[in-house]
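Please examine the sequence and the structure shown below. The report that follows describes the overall arrangement and then turns to selected residues.

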Amino acid sequence: MAAGDPWPHWMPSADRGLGEPALLYYAPLYYLLTAAVRPLVANTWAAMHVVEALSTVLSGWFSYRLVRAYASHRSAVWAAGRRGVGGSGPAWPGGHGCRAV
């Protein structure tokens, strides 16, 4: 990113200088946000924590807004806390989420 290529897809020095494509399996938004926050904090690790904390808060806020459109305030607060803080389970009582074993 420092070289001006925000999402590199080609590695020019690979394969003895002939180059080859970089197969990216991860979505770049987390890394782009971390790179944007990095100059504002002490180090990259702290930038990652800031992005993760903001993502958690935003996840809870969006969950609240979505559930509030269809349910009571109390249900929406519960769902927001479940998504924003708990994060690993379903956003409804008795629901089944995908969890690693």
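## Overall arrangement

In what order do the elements of the protein chain run from the N terminus on? The order is β-β-α-α-α, so named because helices (H or I, at least four residues) and strands (E, at least two) are DSSP runs, numbered from the N terminus.

The model is predicted: local features need pLDDT of at least 70, side-chain atom pairs count only at pLDDT 80 or more, and totals for chains, interfaces and linings use all residues. Residues are numbered from 1 along each chain as its sequence is written, and side-chain values use heavy atoms, with hydrogens and water left out.

## Surface and contacts

The protein chain has 101 residues, of which 16% count as buried. Buried means under 20% relative accessible area, exposed over 50%, and partly exposed in between (1.4 Å probe, protein chains only). Accessible areas come from the Shrake-Rupley method with a 1.4 Å probe; for residues, only the protein chains shown count as cover.

Among contacts in the protein chain with a separation of 6 or more, 11% are accounted for by residues 24 or more positions apart. A contact means heavy atoms within 4.5 Å.

## Aromatic pairs and a nonpolar patch

Two aromatic pairs are found in a search of the whole structure. Tyr-30 and Tyr-31 form an edge-to-face pair, because their ring centres are 5.3 Å apart and their planes stand at 80°. Rings of Phe, Tyr and Trp (its six-membered ring) pair if their centres lie within 6.5 Å; planes under 30 degrees apart count as stacked, over 60 as edge-to-face and the rest as tilted. Tyr-30 is partly exposed at 25% relative accessible area, and Tyr-31 is partly exposed at 41%. The pair of Trp-61 and Phe-62 is also edge-to-face, with centres 4.8 Å apart and planes at 70°. Trp-61 is partly exposed, at 44%, whereas Phe-62 is exposed, at 51%.

Tyr-31 also belongs to a nonpolar surface patch with Leu-23, Tyr-25 and Tyr-26, and together these residues have about 580 Å² of accessible area. Patches are made of residues with over 30% relative accessible area and no salt bridge; like charges are joined within 9 Å, and nonpolar side chains (Val, Leu, Ile, Met, Phe, Trp, Tyr) within 5 Å. A salt bridge is a side-chain nitrogen of Lys or Arg within 4 Å of a carboxyl oxygen of Asp or Glu. Tyr-25 lies in the loop between β2 (20–21) and α1 (29–37) and is exposed, with 70% relative accessibility.

## The loop between the strands

Most residues other than glycine have a negative phi. Asp-15 is not a glycine, yet its phi is positive, at about 55°. This residue is in the loop between β1 (10–11) and β2, and is partly exposed at 43% relative accessibility. Arg-16 lies in the loop between β1 and β2 and likewise has a positive phi of about 55° without being a glycine. Arg-16 is exposed, with a relative accessibility of 83%.

Not counting residues up to four places away in sequence, Thr-34 touches Thr-44, Ala-47, Met-48 and Val-51. The side chain of Thr-34 also reaches the backbone oxygen of Tyr-30, at 2.8 Å.

Notes: Polar contact = N/O pair within 3.5 Å; in protein donor to acceptor, adjacent residues only side chain to side chain.
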